[in-house]
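Please read these notes with the model open beside you.

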Amino acid sequence: MMRRTRRRKKEEVEDIKCACQNLILRSDRGRCGCSSRFSITSCSAARCSMSMFSILKERVGQILLPGDEFCCGPQDTLPLTDSGRPERLVAGPGLRRSGDRLLVSRSGVLRHKEPNKFWIESQQRRYVPAKGETVIGIVTAKSGDVFKVDYGGSEQASLSYLAFEGATKRNRPNVQVGDLVFAQFVVANKDMEPELVCIDGSGRANGMGVFGAAGLLIKLSLGLVRRLLAPHSDLRADLEQLFPCELVVGMNGRIWVRAASVQQTLILANLLQSCDTMTAPQRQQLFRRIQLGAL
Amino acid sequence: MKDTPLSNCERDFLLKAIEEKKRLDGRQTYDYRKIKITFGTDYGCCFVDLGQTRVMAQVSCELVAPKESRPNEGIMFFNLELSQMASPAFEQGRQSELSVKLNRQLERCLRNSKCIDTESLCVVSGEKVWQIRVDVHTLNNDGNLMDAASVAAISALCHFRRPDVGIQGEEVTVYSPEERDPIPLSIYHMPISVSFAFFQQGTYLLVDPCEREERVMDGLLMIAMNKHREICSIQSSGGIMLLKEQVMRCSKIASVKVSEITELINKALLNDKTARKAGGRCGFAESMPQERITALKMDQTSVEMTDVSETVSSIVQTAEAPPQTVPSPLVPVPGVGQIGEGLCNTWGLEEEEEEEDDDDGESSGGDSVAEVTKMEKEQHKDDKSRK
């Protein structure tokens with residue numbers, strides 16, 4: 001159903017509603033968000049009835065597989081004048097735009113964050129470096145001015161000896177082969193060798209650097225690590241109830257734990273490794289049993 | 001690809017934990033991990049899970065000529081392969097030190113102990129004997145490959161059945177499994193190896209080290225024994241100094257472990273036998289638990305079952321006849337013949353069927369393609385005339 005406007009001058013903005021009721025046009029020979037071309041006289045918007053935003057919103061929390069697609073073209077390009085609400089989507093990891101369609105490229109659960117961010121949350125164990133992420137690395141070699149650090153990826157990253165707080169050419173940091181370092185990526189793409197630094201933008205360590213005197217390093221899946229680092233993670237809240245411990249969490253799936261005694265450290269390491277695939281009630285039950293000293 | 005390096009803090013922590021008699025997964029000092037033995041559908045295929053370490057053994061046999069020094073004994077051949085899927089540290093190509101070491105240990109454990117009666121493998125003395133080949137593949141390495149490999153090899157040998165052989169005078173007949181039931185090998189005893197890892201210059205020892213413990217250990221002692229408390233092979237690597245009492249203590253522990261493991265193997269063999277007899281499904285595919293998270297669901301599609309022969313005949317009648325193709329001429333060169341019954345040839349043999357010659361009279365030639373098409377045309381002609 002279309003409302004025709006009166007004859008208008010070129011400068012005026014049209015206000016035609018397409019058959020797909022949600023969208024409002026901007027220009028006369030424009031495109032409706034349902035990607036059907038039309039002129040002032042007709043709209044062949046038979047294909048679409050909803051916007052992509054609402055389709056995605058509906059499927060938040062469902063499992064999606066690679067190959068699933070959402071087609072119902074993305075919102076119009078920038079309008080000539082700025083009235084009205086454009087519906088923009090930000091496609092996060094696991095979602096990819098290809099022309100008019102939004103393709104899923106990873107298997108996992110669809111998540112949503114207000115106002116318009118969507119992404120696929122998936123479980124994997126192989127880490128791919130990304131700029132800005134903090135990871136735990138193991139120093140494997142010292143060659144001249146640069147340390148070679150293994151972070152669990154396909155190649156080793158390089159860490160300059162000047163990238164520590166307070167390090168100068170004379171004052172070298174005390175790093176040996178086999179030490180653990182907590183660092184962040186400054187260069188991390190598929191074409192270049194990854195580079196790590198142990199200082200942030202302003203030159204301060206901010207928690208990064210060499211560490212790990214007496215704890216244990218374990219390897220977990222990336223999904224569990226992200227859950228641990230999430231802002232209001234209930235996994236962390238459960239852990240707090242158990243016993244005091246120190247944790248260093250690297251986004252590459254490596255976690256360093258230390259508790260008061262060797263036994264407690266071992267318990268913590270085994271707990272973390274096993275609660276990856278548990279549901280929340282199962283996990284809380286397990287933690288409660290430990291608190292009572294059963295294990 | 002290189003394996004993840006061991007960091008200093010891990011090494012310190014592990015050594016400290018071992019001093020306090022604590023292991024990473026909560027085992028006691030003399031505890032083995034959970035052993036699971038499953039057999040495949042073929043006779044002689046065995047999978048062994050020792051915790052996360054996974055190993056597969058396959059036994060096969062072949063008739064070959066015997067060695068000249070031992071004309072009436074069969075041949076045993078062992079091969080252990082470190083597959084790349086077991087660990088990123090195992091690389092393809094030349095054999096690594098570990099692979100050579102494991103191969104030698106497996107051979108010493110099984111061949112030198114004479115656990116298999118090789119004389120029963122002889123078919124014709126000096127000419128034909130059975131060669132039994134044991135291939136062990138490592139599928140996942142989480143420490144202690146040697147123990148898993150020895151359990152897998154001996155279980156596969158016990159499970160294996162070789163084809164039955166009948167000798168009548170000079171003639172030797174090998175019966176297929178359908179004709180006569182295959183017979184098992186004759187095994188005297190089951191040697192099983194037990195590994196001990198030593199730390200801090202021999203002060204602490206652990207049985208069945210896992211991968212991280214193997215990385216920090218000083219030395220390894222491997223004792224292969226059978227359940228009758230006979231030692232089949234002892235090997236110590238790493239260059240640690242061991243006292244006599246330590247070795248005696250290890251052998252006592254090994255005898256206890258070996259009798260437990262032997263019982264486990266026998267139970268697994270018995271289960272497999274009853275499953276096969278009962279006709280139930282057995283084998284590798286059945287032993288894996290099915291954990292489905294998605295199920296393939298397809299809507300019902302209707303299949304058309306109407307008879308189409310009438311429409312076919314009407315279509316054929318109304319359709320145009322195919323264009324006439326002129327067959328290429330066939331020239332019979334002397335000495336050339338067409339392959340197929342009743343086709344012409346120049347060999348001068350008597351023809352039994354005269355009528356075929358009439359059809360062939362026009363055509364002649366030596367082109368193979370033309371001959372084939374000619375044969376097909378003959379077929380069509382015959383079919384049509386029959387109809």
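1. A definition comes before the pairs: two strands count as paired if DSSP finds at least two bridges between them. The model is a predicted one. With that in mind, look at strand 7 of chain A, where A:K117 stands opposite A:K113.

2. Strand 6 (residues 108-113) and strand 7 (residues 117-121) of chain A run antiparallel to each other, and 5 bridges link them. Another position in the pairing is A:L110, whose bridge partner in strand 7 of chain A is A:I120.

3. On its other pairing, strand 7 of chain A meets strand 3 of chain A in the parallel sense, over 2 bridges. Here A:A91 has A:F118 of strand 7 of chain A as its bridge partner.

4. What is the order of the strands in the open sheet of chain A? The sheet has 4 strands, in the order 1-6-7-3, with mixed pairing. At the edges lie strand 1 (63-64) and strand 3 (90-91) of chain A, each of which pairs on one side only.

5. Which residues of strand 7 of chain A are on its covered face, and which are on its uncovered one? A:F118 and A:I120 make up the covered face. The uncovered face has A:K117, A:W119 and A:E121. Side chains in a regular strand alternate between the two faces of the sheet.

6. Is A:N116 buried or exposed? This residue sits in the loop between strand 6 and strand 7 of chain A. A:N116 counts as buried because its relative accessible area is 19%, and the cut-off for buried is under 20%. Leaving out residues up to four places away in sequence, A:N116 touches A:F53, A:R88, A:L89 and A:V90.

7. Some totals for chain A follow. The chain has 5 helices and 16 strands. Of its 295 residues, 40% count as buried. Among contacts in chain A with a separation of 6 or more, 59% are between residues 24 or more positions apart. Chain A exposes about 16,800 Å², and 51% of that comes from carbon and sulfur atoms.

8. An unreviewed UniProt entry lists "domain: K Homology" at residues 215-263 of chain A. In the model, the end C-alpha atoms of this span of chain A are 11 Å apart, and the span is 39% helix and 31% strand.

9. For chain B, an unreviewed UniProt entry gives "domain: Exoribonuclease phosphorolytic" at residues 32-163 and 189-255. Taking residues 189-255 of chain B, the end C-alpha atoms lie 14 Å apart, with 27% of the span in helix and 39% in strand.

10. Which residues make the nonpolar surface patch of about 210 Å² on chain B? They are B:I167, B:V172 and B:V174. B:V172 belongs to strand 9 (residues 171-174) of chain B. B:V172 is classed as partly exposed because its relative accessible area is 33%, and that class lies between the cut-offs of 20% and 50%.

How values were computed
Residues numbered from 1 in each chain as written. Chains lettered and ligands numbered in written order. Predicted model: local features only at pLDDT ≥ 70, side-chain atom pairs only at ≥ 80, totals over all residues. Heavy atoms only, no water. UniProt positions renumbered as here; feature names shortened; annotations may be inferred. Patch = residues over 30% accessible without salt bridge, like charges linked within 9 Å, V, L, I, M, F, W, Y side chains within 5 Å. Areas by Shrake-Rupley, 256 points an atom, 1.4 Å probe, with all protein chains shown as cover. Salt bridge = Lys/Arg side-chain N within 4 Å of Asp/Glu carboxyl O. Buried < 20%, exposed > 50% of the residue type's maximum accessible area, 1.4 Å probe, protein only. Contact = heavy atoms within 4.5 Å.
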